[in-house]
Amino acid sequence: MIRTGKQYIEGLRTPREVYVGGERVADVTTYPAFRKPIESYARLYDMKHDSRYTDILTYSEEPGGERYDISFLVPKSKEELKAKGRAYRTYSRASYGCLGRGPEFMAALIAGMWESTEWFEQWGEGGAQKVADYVRYVRDNDLFLTHALGNPQSDRSKPSHQQANPFIHLRVKEETPEGLVIRGAKQLATAAPVTDEILVFPNGRQFGPGDDAYALCFAVPTATPGVKIICREPLVPDDRRNVYDHPLSSRFEEMDALVVFDDVLVPWDRVFFHNSLAAANNMRFMTGVAAFSGHLSIHRATVRAALTVVTAMKLCASVRTDVFPNVGELLGKLAAMYKAQESLLFRCEEEPRITDTGTYWCNGDAMSASGLLFPDFYTTMLEVIKRTGAAGLMLTPTLGEFSGDIGELANTYFAGAEDMPGVDRVQVAKLAWDLAGDAVGQRLAHYERFYIGEPMFVSSFYARSVDMSLGRELFDEIIAEGRALHGAAGADA
Ligand SMILES: Cc1cc2nc3c(=O)[nH]c(=O)nc-3n(C[C@H](O)[C@H](O)[C@H](O)COP(=O)(O)OP(=O)(O)OC[C@H]3O[C@@H](n4cnc5c(N)ncnc54)[C@H](O)[C@@H]3O)c2cc1C
């Protein structure tokens, strides 16, 4: 099935334990800091029912059959891979690339688990069937998941089992006939308070000898007894911002949370593996989770980069600083970064990896290159906005000034080049500030740096696995030439 926005919101009324500012939130759907972001997520659900988007965002297994979000599809052809890409672009455009963790993100990720069900079989818990059943359940009910992969930072110099409190990192406390009783915390679950389910698995190579009790993968409903969601301080505390003054931050703040599992019972059919360091440390690298979710993320990042670069250009054009060659040089570099990102995305879909089971994965070399380079591209884009926007980013009165008594005065003195009315020039600056200066924009930049997981693990895995065949060929040729000389010299002697 595909849910409507209203059905999604109704689902959020299931009582859950969410804390913000030291208080328990009685109803997340009416909580002022969550209301607008929930509306933004709900809109993504509604789009699936909109005849303009239904064929792009959903699929069915047979003609006229039940429709599902296409993010769940395991693509078996290049056309299907590109169809998923079209959907990701459509979703990303709807939030201007500002919602990193909309429902489609985790739908895409668990499709990567579905594709790799056989991988889960080897850990001896019937994982393949359990994963397949779970993904089907999530797809059939069109659920919104978050994931919580990391351990609390506590003391990073020590492994999980040597932390001062052995239960600070989530671990198995007890095995019972019904399932695992777990205790401890996981982070950082974006959107957790407004989701239906929480998936936990380790991201990267977190665990070493002695950490077996910490090495597990499972899913529970967000509203499970004992699950406590502790949110960070909201960056936008209420729902009063408007889209002129805060075009992005008024509606796209994604909450981040620590999830505490306080003796939570996870039924066996929801335990995909446990007690396995090998499974925990390799799941990210050996299954489709990173490739499938990365496909969505590269679309989202590309959409936001497009908006960010054009905003930088418009900002400069609004006061004609773009006529200066030094500013032009900066803008040209941003455009080049955008084009590099766009080219990586193109390669992802045009040169996919076809697995033994006939699944089409995004080109991993290109996707990871984007994941590793984009944070620096994006930081540069924001820096150029700040350097070129200068005072204009600060002098941004509200819409009230332009529509109130001093409207004419404000329009005159905040005017831009070529008689651009103040209200129009300031609107451009406000968008630029929402991207580059506002706390929500800063969080998005931080997100770009870390969403792919711990960069050191991702980057070092990339160094070992990336296709560098031309470089290797050239290197071997030169070494062989030198060796031949060396060998010849030796023979002469
Ligand atoms: C905005 C945002 C949203 C996020 N959303 C999600 C989400 O929805 N779900 C989710 O699961 N995660 C999410 N994350 C978490 C993200 O995956 C992590 O931030 C990322 O994996 C890095 O882990 P960490 O933050 O624990 O950093 P740490 O591991 O604590 O690293 C901090 C620093 O210490 C260094 N360091 C740490 N350990 C070692 C070591 N052993 N050896 C050498 N150096 C080390 C690191 O290189 C880094 O520079 C999000 C993060 C952000 C910022």
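Helices here are DSSP runs of H or I with at least four residues, strands are runs of E with at least two, and both are numbered from the N terminus.

**Ground rules.** I am working with a predicted model, where local features need pLDDT of at least 70, side-chain atom pairs count only at pLDDT 80 or more, and totals for chains, interfaces and linings use all residues. Residue numbers run from 1 along each chain as its sequence is written, and side-chain values use heavy atoms, with hydrogens and water left out.

**Entry: S71.** I looked up S71 and found it in the loop between β4 (67-69) and α4 (78-94). S71 has a relative accessible area of 0%, and buried means under 20%, exposed over 50% and partly exposed in between, with a 1.4 Å probe and protein chains only. Its side chain makes a polar contact with the side chain of D69 at 2.6 Å. For a polar contact I need a pair of N or O atoms within 3.5 Å; within protein, one must be able to donate a hydrogen and the other to accept it, and residues adjacent in sequence count only if both atoms are side-chain atoms. Not counting residues up to four places away in sequence, S71 touches K84, Y88, Y91, E104, A107, A108 and A111; contact means heavy atoms within 4.5 Å.

**Entry: R89.** Next I went to helix α4 for R89. R89 is partly exposed, at 40% relative accessibility. Leaving aside neighbours within four places in sequence, R89 is in contact with H299 and V303.

**Entry: the core.** Which residues have the most contacts inside the largest nonpolar core? They are F34, I110, L199 and F261, in a core of 129 residues. Helix α9 (residues 289-318) supplies the largest share of this core, 11 residues. A nonpolar core is a set of buried Ala, Val, Leu, Ile, Met, Phe, Trp, Tyr and Cys residues joined through side-chain atoms within 4.5 Å. I also listed what F34 touches beyond four places in sequence, including V18, P193, C231 and M255.

Entry: For R156, a side-chain N or O atom is 2.7 Å from a ligand oxygen.
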